[in-house]
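Reader: Hello! I am new to this structure and would like a close look at one part of it, the charged side chains that pair up. Please walk me through them.

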Amino acid sequence: MPTNPVKSLSRAATSTFESLAFLVPEEQPAVGATLVPLAAGATVGWRGPFGGRVTIGVTAGVLRAAAENMLGASAAADVRTQHDALGEIANVVTGNVLPLVAGATAVFRLDAPVVAADADFAPRDGEERRALVHLRMDEGDAIVAFFQGAAAA
């Protein structure tokens with residue numbers, strides 16, 4: 001059964017940061033969340049019963065710590081590798097949140113992650129921001145947004 005998008009996004013993002021990046025987030029009030037100074041961002045779009053995207057932005061400490069925990073300290077020194085790690089986190093969050101929001105039988109096709117900027121936290125034409133989650137970790141902050149658009153096969 002589909003659930004609330006905010007709770008679903010929080011659950012998917014928290015479990016992904018914990019299991020993939022070994023970072024332990026706590027949800028914070030989302031009010032003013034987009035004012036956090038983000039070092040990097042990634043967006044994953046999808047098509048299916050409805051279209052949309054998930055956008056993730058993180059502070060520098062989370063970006064580096066996630067890459068180190070996922071790939072090792074020597075690999076994480078490269079900025080491009082850090083962005084690749086964030087893209088993978090965005091991909092997994094997207095894959096985990098869609099069944100929670102749309103139900104387990106819905107089928108979606110995910111796009112490859114792309115670099116996101118601050119403007120990607122605002123809805124695009126035909127989209128509605130259904131959820132915004134602010135996660136705080138010892139290493140810094142992450143902002144995660146869920147946008148839903150019209151049906152897209």
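**The salt bridges, pair by pair**

Author: Let's start with R47, which is partly exposed, at a relative accessible area of 29%. Partly exposed lies between buried (under 20% relative accessible area) and exposed (over 50%), using a 1.4 Å probe and protein chains only. Before going on, please note that this is a predicted model, where local features need pLDDT of at least 70 and side-chain atom pairs count only at pLDDT 80 or more, while totals for chains, interfaces and linings use all residues. Residues are numbered from 1 along each chain as its sequence is written, and side-chain values use heavy atoms, leaving out hydrogens and water.

R47 has a salt-bridge partner in D111, with 2.3 Å between the closest N and O atoms. This joins distant parts of the chain, 64 residues apart: R47 sits in strand β2 (residues 40–47), and D111 in the loop between β4 (109–110) and β5 (114–115). Strands here are DSSP runs of E, at least two residues long, and helices are runs of H or I of at least four, numbered from the N terminus. D111 is also partly exposed, at 30%. A salt bridge means a side-chain nitrogen of Lys or Arg within 4 Å of a carboxyl oxygen of Asp or Glu.

Next come R53 and E127, whose side chains meet at 2.9 Å, N to O. They are 74 residues apart, with R53 in strand β3 (residues 52–58) and E127 in the loop between β5 and β6 (128–137). R53 is buried, at 2% relative accessibility.

R124 pairs with D120 at 2.8 Å. Here R124 is partly exposed at 43%, whereas D120 is buried at 15%. The whole structure holds five salt bridges.
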